[in-house]
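Thanks for coming. I will go through one structure today and keep to what can be read from its atoms. Please have a look at it first.

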Amino acid sequence: MNFLAHLHLADISDTHLVANLCGDFAKGKIEDHPQHLQQGIWLHRQIDQITDSHEIIIDLLKQFPKSSRRVAPILIDLVFDHYLAFYWEEYHHQDLNIFCQKAYQELNTTKELPATLQAIAPKIIQQDWLSSYQTRQGLEQAIQGVSRRLSKPDLFDHAIRDVDKLYVDIEIAFRTFYPQLMAYSKIYSRKTPEQYLPNARG
């Protein structure tokens with residue numbers, strides 16, 4: 001899952017939005033990170049593990065041409081965010097723009113973020129990355145943006161073309177899998193190890 005999905009899953013599971021977002025940037029042991037971020041990092045990792053091992057995702061990855069096979073997991077995450085934004089009203093009671101502003105506010109005020117997230121947070125907010133996923137143009141911009149942040153951008157040379165070929169297949173996978181992931185996030189939030197809860201004492 002990418003940024004919007006992790007924020008959405010955090011919200012419906014009643015956990016800290018930005019703490020869940022930190023999972024992509026928080027390396028190493030969970031306990032080495034600030035207490036108020038630990039539950040979100042743990043839940044983020046559970047969601048990623050469920051996603052990576054699910055048969056729907058594994059089958060979808062196999063459909064990608066060799067030209068984009070190495071970056072296919074990243075592309076699926078981005079397109080899933082696109083479909084979540086596009087069909088937002090089916091998955092959340094709050095207007096997408098209102099939700100995004102709430103997320104940006106938390107991102108702007110949450111302390112002790114991982115350094116890499118802290119560095120790009122102003123760009124996420126100023127360029128409104130989250131709501132931009134709604135359009136195909138926004139999706140393409142997100143793919144191009146990710147390619148520029150990685151050490152081998154040439155791996156994305158055929159990404160947009162290959163996503164276009166599998167556009168409907170990815171939508172079917174999203175529609176089938178994401179409701180399951182919503183349920184998993186609620187269940188796993190209740191199973192958070194006690195030491196990772198925000199009010200835990202060392």
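The buried residues of helix H1 are Phe-3, Leu-4, Ala-5, His-6, Leu-7, His-8, Leu-9, Ala-10 and Asp-11. Buried here means under 20% relative accessible area, exposed means over 50%, and partly exposed is in between, with a 1.4 Å probe and protein chains only. Helices are DSSP runs of H or I with at least four residues, strands are runs of E with at least two, and both are numbered from the N terminus. Nine of the 10 residues of H1 are buried, so this helix is largely enclosed by the rest of the structure. Just after H1, Asp-14 has a positive phi of about 60°.

Before I go on, a word on the source. This is a predicted model, so to speak of local features we need pLDDT of at least 70, side-chain atom pairs count only at pLDDT 80 or more, and totals for chains, interfaces and linings use all residues. Residues are numbered from 1 along each chain as its sequence is written, and side-chain values use heavy atoms, with hydrogens and water left out.

Back to H1, and to how helices pack. How far apart are the axes of H1 and H11? They are 9 Å apart, and the two helices pack at an angle of about 50°. Axes are lines fitted to C-alpha atoms, for helices over the stretch in contact, and the angles run from 0 to 180 degrees between N-to-C directions. H1 and H11 are therefore oblique to each other. On that scale, angles under 35 degrees count as roughly parallel, over 145 as roughly antiparallel, 65 to 115 as roughly perpendicular, and the rest as oblique. H1 passes H11 in a right-handed crossing. A crossing is right-handed if the near helix is turned clockwise from the far one by less than a right angle, and left-handed if anticlockwise.

There is another helix pair to look at. The axes of helix H4, residues 55–63, and H5 come within 10 Å and cross at roughly 115°. That makes H4 roughly perpendicular to H5. This crossing of H4 past H5 is right-handed.

Next, the aromatic rings. A pair of aromatic rings is described by the distance of the centres and the angle of the planes. Rings of Phe, Tyr and Trp (its six-membered ring) pair if their centres lie within 6.5 Å; planes under 30 degrees apart count as stacked, over 60 as edge-to-face, and the rest as tilted. How many aromatic pairs does this rule give? The count comes to 13. In one of them, the rings of Phe-3 and Phe-25 have centres 5.9 Å apart and planes at 40°, so the pair is tilted. Phe-3 lies in H1 (residues 3–12) and Phe-25 in the loop between helix H2 (17–21) and helix H3 (35–53), so the pair ties together parts that are 22 residues apart in sequence. Both Phe-3 and Phe-25 are buried.

The rings of Tyr-83 and Tyr-167 have centres 5.2 Å apart and planes at 40°, so this pair is tilted too. Tyr-83 is in helix H5 (residues 72–86) and Tyr-167 in helix H11 (residues 167–190), so the pair ties together parts 84 residues apart in sequence. Tyr-83 and Tyr-167 are both buried. They also belong to a cluster that ring pairs link together: Phe-80, Tyr-83, Phe-86, Tyr-87, Tyr-91, Tyr-167, Phe-174 and Tyr-178.

Arg-175 lies over the face of Tyr-87, at 3.8 Å from the ring centre. The rule is that NZ of Lys or CZ of Arg is within 6 Å of the ring centre and within 35 degrees of the ring normal. Lys-191 lies over the face of Tyr-188, at 5.8 Å from the ring centre.

Last, the salt bridges. Side chains of opposite charge can pair when their charged atoms come close. A salt bridge is a side-chain nitrogen of Lys or Arg within 4 Å of a carboxyl oxygen of Asp or Glu, and the count comes to four. One of them joins Asp-11 and Lys-102, at 3.0 Å from N to O. Asp-11 is in H1 and Lys-102 in helix H6 (residues 96–109), 91 residues apart, and the pair links distant parts of the chain. Asp-11 is buried, with a relative accessible area of 19%, whereas Lys-102 is partly exposed at 29%.

Arg-136 forms a salt bridge with Asp-164, with the closest N and O atoms 2.1 Å apart. That is all from me.
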